[in-house]
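Here is a short briefing on one model.

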Amino acid sequence: MKKILAQLNVRMVALALGVTALVAGSALAASHLDTAKTKPSPDAANVEVDESPLPRAAGPYTSFAPIVKKVAPGVVKIVVTSKPANISMPEGFGSNDPFWRRFFGDQSGQQTPNRRFNVPRQEGLGSGVIVTKDGYILTNNHVVDGAEQVKVTMQDGREFTAKVIGRDPKSDVAVIKIDAKDLPVVPMADSDKVQVGDIVLAVGNPFGVGQTVTTGIVSATGRGNLGIEDYEDFIQTDAAINPGNSGGALVDVEGRLIGINTAIFSRTGGNQGIGFAIPSGLARNVMDSLISYGRVARGYLGVMIQDVTPALAKEFKLKDASGALIGDVVPKGPADKAGFKDGDVVLEYNGKNVVDSRRLRLAVGETKPGTTVPVKILRNGESKTLEITVQQVPGSEDLAKNNTPNGTDNGTLNGVGVSDLDPQTRQGLKLTDN
């Protein structure tokens with residue numbers, strides 16, 4: 001299990017291996033939102049793309065066999081052998097629990113602070129999608145994280161040792177490659193065109209039983225703020241997804257890749273009808289960056305933003321509560337240089353309507369650093385368009401330099417994750433109830 005969402009009283013299971021509201025002073029997300037069009041790097045993967053409209057009037061379908069026959073050869077099983085680890089138990093963890101003292105305490109039954117122990121090599125199971133004929137495969141970061149060896153098995157039984165080309169923990173996308181030619185691929189669709197109600201198929205290797213296909217519909221798009229990844233813009237589906245499906249394909253009825261299956265909400269650890277997939281547009285952008293540069297270069301504006309509430313919409317005389325309110329501008333940042341001010345409401349970014357602050361983060365994050373884009377804002381009741389040159393997200397040292405002398409935070413907490421304190425953590429850290 002990857003995370004616990006206590007607020008919802010459900011377990012969020014990341015489906016493999018173990019079967020911030022800060023923006024512009026922050027790392028902004030990659031997404032499937034259109035931003036300034038840039039030519040791909042010559043090193044980028046030669047991905048097969050099919051963005052033709054989906055024939056939604058077609059059907060009913062008596063069998064999905066032709067689609068499965070087309071897609072199945074391009075979905076692979078991934079077996080990962082992880083590196084051995086040496087970890088320590090923090091002081092106070094389980095100190096009052098006899099069960100944990102059996103493993104981490106001394107012979108008298110008392111816990112020894114910072115007791116270290118070895119974790120042997122582990123094997124994990126996941127899935128992947130072949131997206132180029134010369135062997136590039138999309139999967140999840142959590143499938144190959146910490147991998148010492150990655151084995152890929154194709155539907156026809158061929159087995160390859162794969163190389164991890166790059167990982168992006170913030171979006172949970174990873175790219176691996178096998179040494180082969182003329183491989184079967186799953187063409188990519190435009191995930192922007194996916195609609196709620198579209199029929200989809202999930203293909204992967206759940207529980208190690210072998211390749212499995214399930215079907216359902218798209219039950220939501222643009223899901224975010226779930227606490228699963230740093231950058232979220234998920235396609236939600238009720239197609240059955242289970243541990244081992246991570247990194248597998250979510251395809252439309254034309255057999256085109258619209259998403260990479262990554263997580264579920266579950267009280268039991270198994271499918272309960274709410275699964276999430278990373279949109280193919282986001283995955284492709286991350287993949288191209290990882291292949292070309294070995295990392296993901298995300299855009300940065302240098303502002304703090306928040307959603308426009310109904311009360312703020314009334315105050316600013318907006319038609320509705322859409323847009324993103326700029327609460328602070330980082331001195332000498334891209335937005336400051338472009339003329340943005342506190343209190344501006346961002347209505348459009350690069351010609352696209354800004355629905356809320358999360359969508360703005362996603363759009364900016366996908367923008368290639370160095371690109372100049374138009375941004376429509378509302379200031380003092382009047383709209384105007386500013387041109388801003390997006391910069392690359394600064395490193396932690398550069399962000400620290402933006403801190404003002406009086407201690408006001410202008411983005412230095414970018415990258416810091418926070419969560420509520422549970423009773424066990426409070427007890428371990430000897431904290432009070434408040």
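Arginine 358 and aspartate 233 meet through their side chains in a salt bridge, at 3.6 Å from N to O. The pair links distant parts of the chain, 125 residues apart. The model is predicted, and the points below are grouped by topic.

- Arginine 358 sits in helix α7, residues 357-366.
- Aspartate 233 lies in the loop between β12 (212-223) and β13 (234-237).
- Arginine 358 has a relative accessible area of 10%, so the residue is buried.
- Aspartate 233 is buried too, because its relative accessible area is 2%, under the 20% limit.

- The side chains of arginine 256 and aspartate 50 form a salt bridge, with 3.4 Å from N to O.
- This pair also joins distant parts of the chain, 206 residues apart.
- Arginine 256 is in the loop between β14 (249-251) and β15 (257-266).
- Aspartate 50 is in the loop between β2 (10-14) and α1 (65-71).
- Are the two partners buried or exposed? Arginine 256 is buried, at 3% relative accessible area. Aspartate 50 is partly exposed, at 27%.
- Asp50, Asp252 and Arg256 are linked in a network of salt bridges.

- Arginine 158 forms a salt bridge with aspartate 156. The closest N and O atoms are 2.9 Å apart.
- Arginine 158 counts as partly exposed, with 38% relative accessibility.
- Aspartate 156 reaches 52% relative accessibility. The cut-off for exposed is over 50%, so aspartate 156 counts as exposed.
- How many salt bridges are there in the count? The count comes to nine.

**Largest cavity**
- The largest cavity has a volume of about 120 Å³.
- Its lining has 16 residues.
- Nearest the centre of the cavity lie Leu54, Asp190, Lys193, Asp252 and Arg256.
- Asp252 and Arg256 also belong to the salt-bridge network with Asp50.

**Barrel**
- Six strands form a closed barrel, in the order β3-β6-β7-β10-β9-β8. The pairing is antiparallel.
- From one strand to the next, the twist averages 40 degrees.

**Strand β7 and its neighbours**
- Strand β7 covers residues 136-140 and is mostly covered: five of its five residues are buried.
- Strand β6 (residues 123-130) runs antiparallel to β7, and two bridges join them.
- Isoleucine 130 stands opposite isoleucine 137 in β7.
- β6 and β7 form a hairpin with five residues between them.
- Glycine 135 in the turn of that hairpin has a positive phi of about 110 degrees.
- β7 is also joined to β10 by five bridges, and these strands run antiparallel.
- Asparagine 140 has valine 173 in β10 as its bridge partner.

**Strands β9 and β10**
- Strand β9 (residues 159-168) pairs with strand β10 (residues 173-177) over five bridges. The sense is antiparallel.
- Valine 164 stands opposite isoleucine 176 in β10.

Definitions and conventions
Residues numbered from 1 in each chain as written. Predicted model: local features only at pLDDT ≥ 70, side-chain atom pairs only at ≥ 80, totals over all residues. Heavy atoms only, no water. 1 Å grid on protein atoms, 1.4 Å probe; cavity = no way out; pocket = protein on both sides within 12 Å on 5 of 7 lines; lining within 4 Å. Points joined across faces, edges and corners; volume = space filled by probe spheres on them. Salt bridge = Lys/Arg side-chain N within 4 Å of Asp/Glu carboxyl O. Helix = DSSP H or I, 4+ residues; strand = E, 2+ residues; numbered from the N terminus. Buried < 20%, exposed > 50% of the residue type's maximum accessible area, 1.4 Å probe, protein only. Pairing = 2+ DSSP bridges. Axes fitted to C-alpha atoms, helices over the stretch in contact; angles between N-to-C directions.
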